[in-house]
Amino acid sequence: MTIVGAGQSGLQLAIGLLAHNYHVRVISDRTPAEIAAGAVTSSQGMFGRALRHERALGLDLWRDEAPSIGAVSMTIANQPGEPVPSIRWTGQLGAVAQSVDQRVKIPRYIDEFIRRGGEFVVGKADVGDIEAYARESDLVVIAAGKGDVASLFTRDSARSTYDKPQRATALTYVHGMDPQPAEVSYNILPGVGEYFVFPALTLGGLCSIMVFSGVIGGPMDCWNDVRSASDHLEMSKRILTEFLPWEADRCHHIALTDEHGVMSGRLTPVVRHPVAVLPSGAEVLGMADVVVLNDPLTGQGSNNASKSAAIYLDAISAHDGRAFDREFMQRTFERYWDYAQYVTKWTNAMLEPPEPYAIQLHIAATQHPEIGDRFANGLDYPPDFFSWYLDAENAAAYLASLSRPEFDPRDLRRALGQFATGVNVVTARDLDGTPVGMTVNSFSSASLDPPMVTWCVRRDAPSARAFTTASHFAVHVLDAAHAHLAHQFSKPAPDKFAGVEVVNGLGDTPVLVGAIAHFECRNVRTVDVGDHIMLIGEVERYEARGGEPLIFHSGGFRCLSAIAN
């Protein structure tokens, strides 16, 4: 395998392929030292699902060093220069987000790739070089999204909305912001642009990354005449003072992290065809930014890169030695596009002025914390926006659902308890390797093609974050003789697994021995449902031995009694 490009997607894929015993060569136009000494390249804020893909490969190298981001705040400004914004809310993330400067991350990833047996080559990769790699390799993947190599891939006009840049973007890495909460602070300035800021880890330790996104031709499209890093910092301060005074108030003592901690530019959002044909007729596969390049204003670049790498790794490792032909390349990209299309449509929608119904949702978020939480977690999983935020009718239905009658919780619980359910124990592995488990009666089959199941966990449950960030979970249907297990996993305990026989399942998930059926599931999606989170999993392996099930009815465990026909 040859991967051209040593960024987030290329190195994550390369390291993953090494674990599947592929010989992998990575081509980079810079050495690790040159990357570390160079200019910043992105903001690279990564949310829970993207971080989970890194951790599955043992690449959570800064878990305890990088600041944790646990929330997202949104501010929609009044008229430019008004001291008080018109709308402001905060939402809590279901899984911690983090940002590590790529000048820190990429050199370490390269070292890790080499340590694990990969071949790292420094040099330019022009068409002639790629022709040679194609002759020598079973598959060539192009993961260098912003250079000349990307021009090998043609624009997909059916999937590309824009043919020119929509924002002028600038990054400013600073020390001294006071305070810098553990959140992404996002600001929308109608007709002007967007600004967001969050804590990160850079070469000199902790910092704040400021991201300016100005409407082309507007007052924040002002970076062309900036000639030095110090001028860049002064322009950043001027914008905050003029348009975001509430943000400027905590930036009186900021200073650049280093002379290379600035960047400005503009790009054209584009979707490209995933297969490029070289002059010889050989075909190569594009990934991540090469094929789906979104505007940075939604901060999805590194998240897309990580998710693209995970999908490509799964497709390549499951290909069973067959040729990596055009059909494979197109199919693999379409698997990625099944996710990336939502990021693209949402990002494009954010480039346009917000619709009145969208403003109403933001206003409602100031009164209903669950809306803010849903906004925040949409950054981790943008497809969720399409069920409530990017459609006027869905938005109206969602708002209407918030005006619900008040019930006595205990009386409602008694009524719901009249519905008899099975009893299940769900298990997973926390990001730190700790096994987690809980008793649930919300398990349900959702689909047979593909095989999907659902279950729910209380949002404030101690293990909720572990379940929502795990790559896999296992659902166990308990035998009538296993009431003691149902009790054991339903109560807080230092070790719920004490005395329980388990084996390791998919994703290192602890699987209980002796259940009458169990289902090992890939964690596909989470959906906010009031005070609970619904987890949707795709069944990847299951076993059913049959037996008498344990039943839960009217607040207690019971056995099933057959009724004669």
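**Ground rules**

I work with a predicted model, so I take local features only at pLDDT of at least 70 and side-chain atom pairs only at pLDDT 80 or more, while totals for chains, interfaces and linings use all residues. I number residues from 1 along each chain as its sequence is written, and my side-chain values use heavy atoms, with hydrogens and water left out.

I take helices (H or I, at least four residues) and strands (E, at least two) as DSSP runs, numbered from the N terminus. I call two strands paired if DSSP finds at least two bridges between them.

**Entry 1: the six-stranded sheet**

I looked up the strand order first. This open sheet of six strands runs S6-S2-S1-S7-S16-S15, and its pairing is mixed. Strand S6 (119–122) and strand S15 (275–277) are at the edges; each has a single partner strand, so one side of each lacks a neighbour in the sheet. Neighbouring strands are turned by 25° against each other on average, direction ignored. I take such angles from 0 to 180 degrees between N-to-C directions, with axes as lines fitted to C-alpha atoms, for helices over the stretch in contact.

Helix H1 (residues 8–19) does, touching strand S1 (2–4), strand S2 (25–28) and S7. I count a contact when heavy atoms are within 4.5 Å. The direction of H1 makes about 165° with that of S1.

I then zoomed in on one pair. Strand S7 (residues 140–142) and strand S16 (residues 283–286) run parallel, joined by two bridges. Opposite isoleucine 142 I find glycine 286 in S16.

**Entry 2**

Histidine 476 faces histidine 518 in S26.

**Entry 3: a hairpin**

Strand S28 (residues 550–553) runs antiparallel to strand S29 (residues 556–559), with four bridges joining them. Isoleucine 551 is opposite arginine 558 in S29. Two residues lie between the strands of this hairpin, and serine 554 takes a positive phi near 50°.

**Entry 4: two helix pairs**

I compared H8 with H9 first. Helix H8 (residues 301–317) and helix H9 (residues 326–350) pack at about 150°, their axes 10 Å apart. That angle makes H8 roughly antiparallel to H9. My classes are roughly parallel under 35 degrees, roughly antiparallel over 145, roughly perpendicular from 65 to 115, and oblique for the rest. The H8 and H9 crossing is right-handed. I call a crossing right-handed if the near helix is turned clockwise from the far one by less than a right angle, and left-handed if anticlockwise.

On the H8 side I listed contact residues including Lys307, Ile311 and Tyr312; among those in H9 are Phe328, Arg335 and Tyr339. By class, the contact has nine nonpolar, three polar and three charged residues. I count Ala, Val, Leu, Ile, Met, Phe, Trp, Tyr, Cys and Pro as nonpolar, Asp, Glu, Lys and Arg as charged, and the others, Gly among them, as polar.

Then H10 and H12. The axes of helix H10 (residues 356–365) and H12 come within 10 Å and cross at roughly 25°. That makes H10 roughly parallel to H12. Their crossing is left-handed. Tyr357, Gln360, Leu361 and Ala364 in H10 meet Ala392, Ala395, Tyr398 and Leu399 in H12. This contact has seven nonpolar, one polar and no charged residues.

**Entry 5: salt bridges**

I searched the whole structure and got 27 salt bridges. My criterion is a side-chain nitrogen of Lys or Arg within 4 Å of a carboxyl oxygen of Asp or Glu. One pair I noted is arginine 49 with aspartate 380, with closest N and O atoms 3.1 Å apart. Arginine 49 is in helix H3 (residues 48–56), and aspartate 380 is in the loop between helix H11 (369–378) and helix H12 (392–402), 331 residues apart.

Most residues other than glycine have a negative phi, and most peptide bonds are trans. I therefore logged the exceptions. Aspartate 178 to proline 179 is a cis peptide bond, with omega near -5°. Proline 179 is in the loop between strand S8 (167–175) and strand S9 (183–189). Aspartate 449 and proline 450 are also joined by a cis bond, omega about 0°. Asparagine 21, not a glycine, has a positive phi of about 65°, and its place is the loop between H1 and S2.
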